[in-house]
Amino acid sequence: MRVRALLPVTAAAGAAVLGYAGIVERNWFALRRLEIPVLAPGTGPLRILHISDTHLTPGRTRLQSWIRSLEDLDPHLVVNTGDSIAHPEAVGYLLDALGPLLRRPGVFVLGSNDLFAPEPFNPAYYLLGPSSIRRTEKAPDLPWEKLRDEMAAAGWLDLDNRRGKLTAGGLDVAVAGVGDAHIKRDRYAEIAGPADPAADLRLAVTHSPEPRVLDQFAADGYDLLLAGHTHGGQLCLPGYGAIVTNCGIDRERVRGLHRYPAGGPAWLHVSAGLGTSPWAPARFACRPEASLLTLIPRTSG
Ligand SMILES: [Fe+2]
């Protein structure tokens with residue numbers, strides 16, 4: 001009798017949590033500001049805007065507007081770590097959201113969700129293990145080439161298994177990236193080798209923070225490693241944090257700024273991203289985010 005009496009209360013509480021996660025928090029965008037002491041003395045600061053995992057679909061006008069407002073941060077460089085779209089018509093909406101940011105120096109990699117249209121899945125699977133083991137072999141069915149070509153035409157560097165260099169904020173930046181390691185599209189051998197020691201900054205980009213990739217970037221001397229993919233856990237437990245990372249990185253580094261490897265010379269920043277799969281449109285205790293990384297001189301060395 002007592003259990004039966006509690007059922008309506010439990011159902012109401014569940015509905016409230018779902019409403020909060022799907023309507024409120026999913027649209028409660030946060031800007032994270034971090035300082036990273038990674039530059040040589042006397043150089044910088046360099047402002048990097050890190051965006052990731054927008055998973056844009058038509059109709060997400062609040063997200064589009066928020067992204068467009070990031071231009072006001074006056075970043076020297078924009079880094080997009082992938083999973084930008086989640087709909088065949090989304091490329092135009094993404095370009096519209098990025099707007100003036102596309103006129104700034106930028107780099108990008110693609111994520112698996114830029115290639116493959118989202119499919120229905122039981123959200124509980126998200127808590128059971130990496131999604132790559134669920135994905136069946138199929139040909140890409142989203143306009144990833146259009147996405148890539150439009151960002152490249154704007155001047156952003158495509159870093160899917162590529163190296164390059166650019167100038168941002170008056171600094172020479174050596175850059176490198178890999179294809180989505182989560183679906184084994186990383187081909188590190190094609191970019192392997194020491195990062196340019198003469199550059200003011202050595203920046204590495206990967207969609208998924210897989211340790212096998214991060215280890216190689218760090219060994220090749222990259223100073224700053226940027227990744228997305230994890231969504232910060234997306235559905236987190238207050239006081240505990242992420243339940244899963246959906247990749248090889250540990251729970252402690254599912255989001256935010258850490259040394260890589262622990263105690264090592266490089267810095268790793270993992271973005272919790274701005275969106276979700278349309279089939280799991282909820283975030284809890286893990287607000288959608290973009291990050292303004294202000295690079296400043298090291299305190300020694
Ligand atoms: Fe994603």
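Which residues does R202 touch, not counting residues up to four places away in sequence? In this predicted model, R202 touches A174, A195, D196, P197, G221, Y222, D223 and L224. Let's see where that puts this arginine.

R202 has its place in strand 8. With a relative accessibility of 13%, R202 counts as buried, because buried means under 20% relative accessible area. Its side chain also has a polar atom 2.9 Å from the backbone oxygen of A199.

Now for the sheet around it. Six strands make up an open sheet with mixed pairing, in the order 6-7-8-9-11-10. At the edges are strand 6 (162-168) and strand 10 (256-260), each pairing on one side only. On average, neighbouring strands here are turned by 25° against each other, direction ignored.

Strand 9 and strand 11 run parallel and are joined by 4 bridges. L224, one of the residues that R202 touches, stands opposite W267 in strand 11.

Here are residue ranges for some of the strands:

| Strand | Residues |
|---|---|
| Strand 7 | residues 171-177 |
| Strand 8 | residues 201-205 |
| Strand 9 | residues 224-227 |
| Strand 11 | residues 266-270 |

Finally, a helix joins the picture. Helix 7 (residues 211-219) lies across strand 7, strand 8, strand 9, strand 10 and strand 11.

Definitions and conventions. Residues numbered from 1 in each chain as written. Predicted model: local features only at pLDDT ≥ 70, side-chain atom pairs only at ≥ 80, totals over all residues. Heavy atoms only, no water. Pairing = 2+ DSSP bridges. Helix = DSSP H or I, 4+ residues; strand = E, 2+ residues; numbered from the N terminus. Axes fitted to C-alpha atoms, helices over the stretch in contact; angles between N-to-C directions. Contact = heavy atoms within 4.5 Å. Buried < 20%, exposed > 50% of the residue type's maximum accessible area, 1.4 Å probe, protein only. Polar contact = N/O pair within 3.5 Å; in protein donor to acceptor, adjacent residues only side chain to side chain.
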